[in-house]
Amino acid sequence: MADLSLRNISKSFGKVQAVAPLNLEIHSGEFFSLLGPSGCGKTTLLRIVAGLEQPATGSLFLNQKDITALPPQKRNIGLVFQNYALFPHMTVFQNVAYGLEVLNRTKAEIRTKVISVLEKVQLDGKQSVAVPNLSGGEQQRVALARALVVEPQVLLFDEPLSNLDYALRLETRSVIRRLQKETGITNIYVTHDQSEALAISDRIAVMNSGAIQQIGTPQELYFSPANRFVASFIGHANFFSAEICRSCFGIQAIGENEVLVVLPEEISIERQMESTSKVESISTLPSDGKANGKIIDVQFSGAVVEYVIDFFHQRITATCSSAKHSGDLQIGSEVAVSLSGKNNRKVSREQ
Ligand SMILES: Nc1ncnc2c1ncn2[C@@H]1O[C@H](COP(=O)(O)OP(=O)(O)OP(=O)(O)O)[C@@H](O)[C@H]1O
Ligand SMILES: [Mg+2]
């Protein structure tokens with residue numbers, strides 16, 4: 001069990017500030033994710049934790065011990081990367097055993113530990129197979145076994161599933177999550193996929209341009225975003241100005257410098273069968289909680305259907321369960337737009 005504390009950590013490469021000065025407390029046994037768009041500094045922060053990169057400022061504490069100057073091999077921190085980094089000329093067993101051999105463990109101990117960890121990642125039948133003959137998902141599980149076998153206090157993952165197809169991603173991430181809960185190892189997991197982070201994390205730090213935007217549980221980030229960036233990145237939220245809120249939805253309690261955050265599943269649309277007279281200005285609309293828009297795109301993605309709607313020259317998105325999808329709602333359909341939910345989430349107009 002290990003907790004990790006990052007205090008005033010920052011890193012620049014020339015003029016690029018990859019990580020702005022930040023503080024982060026990761027609790028013992030926690031599945032913690034760093035989530036953000038490409039280039040926001042996730043890998044750099046992970047490499048600082050691993051000891052592969054020195055921070056420009058700040059210190060790093062593992063169980064209250066300052067490890068900032070410790071080399072990577074002395075930190076007891078494991079790493080699993082996107083590209084697996086396995087030894088191609090070795091079997092599964094040899095790949096997993098390697099870390100224990102470096103630590104001069106006895107042959108008997110190595111055998112017991114490797115077999116036990118291969119069972120955990122469901123590769124017990126594959127120990128003699130050469131690595132190139134494994135599927136991508138199996139190779140990723142070998143990489144996971146290799147990191148786990150040396151019993152690190154902290155395990156770091158950098159986009160470990162991005163080379164896998166969708167079904168394998170789901171399967172492998174549930175293996176990672178199950179093992180983390182069984183072993184109690186503190187995990188830091190880097191991803192730019194918000195649905196993956198929401199599904200597997202205890203807490204998430206959302207990053208943008210090297211800075212942490214918000215830290216919270218998946219539910220906190222989804223339902224109480226701190227700002228526009230988080231609302232947009234996590235929930236693909238729509239934002240409505242004070243003027244739209246008052247004129248179209250009868251919502252008065254909103255300041256001029258705020259926007260209302262509305263998730264796509266909180267927008268309801270209904271086909272307008274008779275074309276109503278064209279409304280040119282929002283101030284002429286009745287405040288009856290409904291206003292008109294036009295569907296400009298419909299995307300079916302299995303469980304849900306997403307509608308993109310032109311709503312007073314703003315593109316908004318609404319989703320509904322495919323089971324409720326009506327054939328009436330097509331590109332070009334005029335629709336009445338209304339809001340469901342509490343509609344009390346507001347953030348600053350600024351990013
Ligand atoms: N060794 C380096 N030399 C110069 N610039 C670097 C170096 N490593 C990272 N950067 C820059 O620092 C910023 C953060 O990079 P980083 O790799 O941490 O982002 P990331 O969030 O992991 O992105 P991705 O999701 O694409 O992997 C980027 O602007 C990147 O170009
Ligand atoms: Mg990266």
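A residue counts as buried if 20 or more other C-beta atoms lie within 10 Å of its own C-beta atom. The views below show a predicted model.

**View 1. Helix α1 and its burial in the predicted model.** The buried positions are Lys42, Thr44, Leu45, Leu46, Arg47, Ile48 and Val49. After α1 comes Gly51, which has a positive phi, near 90 degrees.

**View 2. The shell around ligand 1.** Phe13, Val16, Ala18 and His192 belong to the surroundings of ligand 1, together with Gly36, Ser38, Gly39, Cys40, Gly41, Lys42, Thr43 and Thr44. Both β2 (16-26) and α1 supply at least two residues of this shell. The largest share, 3 residues, comes from α1. By class, the shell has 7 polar, 4 nonpolar and 1 charged residues. Two residues of the shell, Lys42 and Thr44, are also among the buried residues of α1.

**View 3. Packing of helices α2 and α3.** Helix α2 (residues 92-102) packs on helix α3 (residues 107-120) at an angle of about 130 degrees, and their axes are 10 Å apart. Angles from 65 to 115 degrees count as roughly perpendicular and those over 145 as roughly antiparallel; α2 and α3 are therefore oblique to each other. Their crossing is right-handed.

**View 4. Residues in the contact of α2 with α3.** From α2, Phe93, Val96, Ala97, Leu100 and Glu101 take part; from α3, they meet Ile110, Lys113, Val114, Val117 and Leu118. This contact has 8 nonpolar and 2 charged residues, and no polar ones.

Notes. Residues are numbered from 1 along each chain as its sequence is written. Chains are lettered from A and ligands numbered from 1 in the order in which they are written. This is a predicted model: local features need pLDDT of at least 70, side-chain atom pairs count only at pLDDT 80 or more; totals for chains, interfaces and linings use all residues. A residue is buried if 20 or more other C-beta atoms lie within 10 Å of its own, exposed if 12 or fewer, and partly exposed in between; C-beta atoms are placed from the backbone. Helices (H or I, at least four residues) and strands (E, at least two) are DSSP runs, numbered from the N terminus. A residue is near a molecule or strand if its C-beta atom, placed from the backbone, lies within 6 Å of it. Ala, Val, Leu, Ile, Met, Phe, Trp, Tyr, Cys and Pro count as nonpolar, Asp, Glu, Lys and Arg as charged, and the others, Gly among them, as polar. Axes are lines fitted to C-alpha atoms, for helices over the stretch in contact, and angles run from 0 to 180 degrees between N-to-C directions. Angles under 35 degrees count as roughly parallel, over 145 as roughly antiparallel, 65 to 115 as roughly perpendicular and the rest as oblique. A crossing is left-handed if the near helix is turned anticlockwise from the far one by less than a right angle, and right-handed if clockwise. Two residues are in contact if their C-beta atoms, placed from the backbone, lie within 7 Å.
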